[in-house]
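Hi,

Here is the structure I promised to pass on. Have a look at it first, and my notes follow below.

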Amino acid sequence: MGELISPFRVSFTATEVERFLVRARDVLESGWLIPGPNNRELEQRFGEFIGGAQAVAVSSGTAALEIALRAAGLAGSVVLVPANTNYATAEGAVRAGCRPLLYDAGLYPEVGAIEAAHTSDVAALIVVHIGGYLSPELPAVRAWCDRRGVLLIEDASHAHGARLHGRCAGTFGAAAAFSMFATKVITTAEGGLIVAADPVLAALCRRYRDQGKADDGVHHAVFGSAWRMSELHAALGTVLMDGLAASLDRANQLVRRYVEGIRHPAVRVPYEPAVRYSGHKFIITTDAAARESLRAHLHGRGVRTAKGVYEVPVHRQPVLGLGAGRGFPVADGFAASHLCLPMWKGLTDADADRVIEAVNAWPYDG
């Protein structure tokens, strides 16, 4: 069977470790642990990387989304949220004082489902780039928002560097939230980034992350919180920015290898040639009734599948209580039919080929 192929591994090169240690020592020797030069460098470099947006480093991806919604003045407003997303998307909206209204979605947001859920009091739409996959309908979604007078917010937690027709995730809407959690394409261990085209909105986000303090540092002008990123966390993110372009290149090599190699008639491989993928996840789908058979087969061949995105949609999360009395067949269908194959920057071609061989050898003909 060979060595077990894990679904994901956090790994750093020897050079990345050494560069981080140098920065960490500088931080500790300076005594300046709160946002400072590493935060500023991370913000500048990430903003430039995705096309010149303003970036704001914060404590988590969830905080990034909450702050963006608060800064956009959406407290008390109805916000469309996809039924298929992480709990944190809806959580961020609730904590920002918004009223989430679910729309049906699987891997991609689609204009028809968004329109079907729309009501006259909707003020904003959140789209989620699940697994780093950008919907081919994003330009149409943005056009729909413009026609309806609805603010577009991106949950780009998985989509660092992902592009559609050359345009980066995080630049389609008024603001976007990126997660820098340990499992993400680029990490600060814990953390997040907000990006916004409007420097005024970005400045307000910075105010919110620092307990809402006014310029005098004494009065609190908005209802913020301690959403800062430490200098040590930012130092790691800054070091990893050096290798982000190469990581994306490698991820897309692996994506193409999977796409070209998987040929099982009962396995579907979502792929858009116009998309440059982030490589956070590699998603396949099959018949819902057969999904667990495929998972067990892969595990038996030494291939571990990653956590789904998502196997329990938001409307089935009991703590949120959203979507009661409504059906979300697309979200439920995707939740029941997809798997995530191993994907990380250190995955070798040989291991990818073993995964492909295992998928193609699945003894199922539908």
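Starting with the surface: the protein chain exposes about 15100 Å², and carbon and sulfur atoms supply 54% of that. Please keep in mind while reading that this is a predicted model.

Now the overall build. The protein chain has 12 helices and 12 strands. Its C-alpha atoms fill a box of roughly 70 × 55 × 35 Å, taken along the principal axes. Buried residues make up 53% of the 366 residues. As for contacts with a separation of 6 or more, 70% of them come from residues 24 or more positions apart. The buried ones are Glu231, Ala234, Ala235, Leu236, Gly237, Thr238, Val239, Leu240 and Met241. What covers them? The cover for the buried residues of α8 includes α1 (14–30), α2 (37–49) and α9 (244–261).

Next, the aromatics. The structure holds 5 aromatic pairs. One of them is Phe46 with Phe178, an edge-to-face pair at 5.0 Å centre to centre with 75° between the planes. This pair links distant parts of the chain, since Phe46 sits in helix α2 and Phe178 in strand β8 (residues 175–179), 132 residues apart. Both Phe46 and Phe178 are buried.

Trp362 and Tyr364 make another pair: their ring centres are 4.6 Å apart and their planes are at 15°, so this pair is stacked. Are the two partners buried or exposed? Trp362 has 3% relative accessibility, so it counts as buried. Tyr364 has a relative accessible area of 25%, which means it is partly exposed. There is also an aromatic cluster formed by Tyr133, Tyr271 and Tyr277.

A bit more on Tyr364, which is found in the segment after α12 (349–360). Leaving out residues up to four places away in sequence, Tyr364 touches His264, Ala266, Asp287 and Ala290. Tyr364 and Val267 are 97 residues apart along the chain, and their C-alpha atoms are separated by 9.8 Å.

Last stop is Val314, in the loop between α10 (291–300) and α11 (329–337). If you want a distance to check on screen, take Val314 and Ala64: they are 250 residues apart in sequence and 19 Å apart in space, C-alpha to C-alpha.

Cheers

Key. Residues numbered from 1 in each chain as written. Predicted model: local features only at pLDDT ≥ 70, side-chain atom pairs only at ≥ 80, totals over all residues. Heavy atoms only, no water. Helix = DSSP H or I, 4+ residues; strand = E, 2+ residues; numbered from the N terminus. Buried < 20%, exposed > 50% of the residue type's maximum accessible area, 1.4 Å probe, protein only. Contact = heavy atoms within 4.5 Å. Areas by Shrake-Rupley, 256 points an atom, 1.4 Å probe, with all protein chains shown as cover. Phe/Tyr/Trp six-rings, centres within 6.5 Å; stacked < 30°, edge-to-face > 60°.
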